[in-house]
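Dear colleague,

Please find below the structure that I promised to hand over.

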Amino acid sequence: MTFYNDIYPFYPLQRTSFIFSGSLLTVILVFLVLAVSLLVILPGIRGKSRLFWMFRIIVSLFIGSVIVALNFTSDWAEARVTTNATYKSFSSAIVNADIGLHVGLYGINVTLKGNPLVQFNETIDYNEMFSWHDTMEEEYEEALEKGLPNPILYIAEKFTLSSPCGLIFQYRYSGRYASATLWTAFCCWMLTNILFSMPVILYAGYMMLATAAFIFFSMASFSTIMNVPQCIFSIGTDSFEAEYSHSFWLALATGVLCTIIGILVVMFDVMIPEKVKEAFSVGVDSCEDDDVSCGEGYLNTIFLEGVTISPLTTKRVSVDI
């Protein structure tokens, strides 16, 4: 029993934890609306090209949504550990909890979940976001004022400017360049979709390869954090290090997908250019559609009676000077 019946007097009551990124939710909703809007027009497409158009829409929107969403996810690298740790300052209470560190391009996300969830008459379920977009020091000071649990404060302190680990310099700059190359990949993706609707399919394939290249550049930029000595997080009797996580491998899979599509488009455009243009409905006459039959045209000579067509003559104009 503590002095105030298990309620710590220097800290406010537990508030609602960080649940989901609003920016990531916006990205998902925008691309869902685009997908629904484009799929609505599918019934108006005739013939076998309908299935190909649906495949193009789904794959293209998947690549675009992943590129944008990767900028706002917080699991490019992560680490987890289950240990016994001091819960809060000015208290000797020890809790058993699952502690997680999730690193994104713009900040970190620290989780603390009790095992069991309710201990000391309190629900231990924290999910706190710390961004280094502005200043990490201010957010760390706010966390101290809020009285967040010690494991969260310990991990957040490692990413401050005063920390001897220097993690803020490693992750902030690598994340900044990774984000810049991802936005460049998004611009290449937009140009790719524009070129696919024009009779320049070969250049669309090149731009798809450029999209894959910039995705790989972003991964290489983020991977630079692994080339420096890593800081080991020690909580209680256990320690852990951050490793690559879901967003990193999703970026790799998307880059490989863009590479395969780009190579196939370039290869088919060189080998069978007419078939490729027909598949993308570019430079193809409407009479080539499977469901449309174009008949022969006849000329009614009645309207041409009495009409004489004289050849064009050129008049030479002389100018007297």
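A crossing of two helices is called left-handed if the near helix is turned anticlockwise from the far one by less than a right angle, and right-handed if clockwise. Helices (H or I, at least four residues) and strands (E, at least two) are DSSP runs, numbered from the N terminus. With these terms, helix H6 passes helix H7 in a left-handed crossing.

Please note that this is a predicted model, in which local features need pLDDT of at least 70 and side-chain atom pairs count only at pLDDT 80 or more, while totals for chains, interfaces and linings use all residues. Residues are numbered from 1 along each chain as its sequence is written, and side-chain values use heavy atoms, with hydrogens and water left out.

H6 covers residues 201–223 and H7 covers residues 246–271; the two pack at an angle of about 155°, with their axes 8 Å apart. Axes here are lines fitted to C-alpha atoms, for helices over the stretch in contact, and angles run from 0 to 180 degrees between N-to-C directions. The angle makes H6 roughly antiparallel to H7. The contact of H6 with H7 has 19 nonpolar, seven polar and one charged residues. For these classes, Ala, Val, Leu, Ile, Met, Phe, Trp, Tyr, Cys and Pro count as nonpolar, Asp, Glu, Lys and Arg as charged, and the others, Gly among them, as polar.

H6 also packs with helix H5 (residues 167–196), at an angle of about 170° and with the axes 8 Å apart. H5 and H6 are therefore roughly antiparallel to each other. In the contact of H5 with H6 there are 19 nonpolar, seven polar and no charged residues.

Within H6, Phe-214 and Phe-217 lie three residues apart, about one turn of the helix. The structure holds 16 aromatic pairs (rings of Phe, Tyr and Trp, the last by its six-membered ring, with centres within 6.5 Å; planes under 30 degrees apart count as stacked, over 60 as edge-to-face and the rest as tilted). Phe-214 and Phe-217 form one that is edge-to-face, at 5.7 Å centre to centre with 90° between the planes.

The sheet

Five strands form an open sheet with antiparallel pairing, in the order S4-S3-S2-S1-S7; two strands pair if DSSP finds at least two bridges between them. Strand S4 (122–131) and strand S7 (243–244) are the edge strands, each pairing on one side only. Helix H4 (residues 150–157) packs on the sheet, where it touches strand S1 (77–86), S2, S3 and S4, and its direction makes about 165° with that of S3. Contact means heavy atoms within 4.5 Å.

S2 (residues 94–103) and S3 (residues 107–119) pair over seven bridges, with Leu-101 partnered by Val-110 in S3. Ten bridges join S1 to S2, and Glu-78 stands opposite His-102 in S2. S1 and S7 pair over two bridges, with Ala-77 opposite Tyr-244 in S7.

Two backbone details deserve a separate mention. Most residues other than glycine have a negative phi, and most peptide bonds are trans. In the hairpin of S3 and S4, which has two residues between the strands, Phe-120 takes a positive phi near 55°. The peptide bond from Asn-115 to Pro-116 is cis, with omega near 10°, and Pro-116 is placed in strand S3.

Helices H3 and H4

The axes of helix H3 (residues 136–146) and H4 come within 10 Å and cross at roughly 165°. H3 and H4 are therefore roughly antiparallel to each other, and H3 passes H4 in a left-handed crossing. Met-136, Tyr-140, Ala-143 and Leu-144 of H3 make the contact with Leu-153, Ala-156 and Glu-157 of H4. By class, these residues divide into six nonpolar, no polar and one charged.

With kind regards

How values were computed:
Angles under 35 degrees count as roughly parallel, over 145 as roughly antiparallel, 65 to 115 as roughly perpendicular and the rest as oblique.
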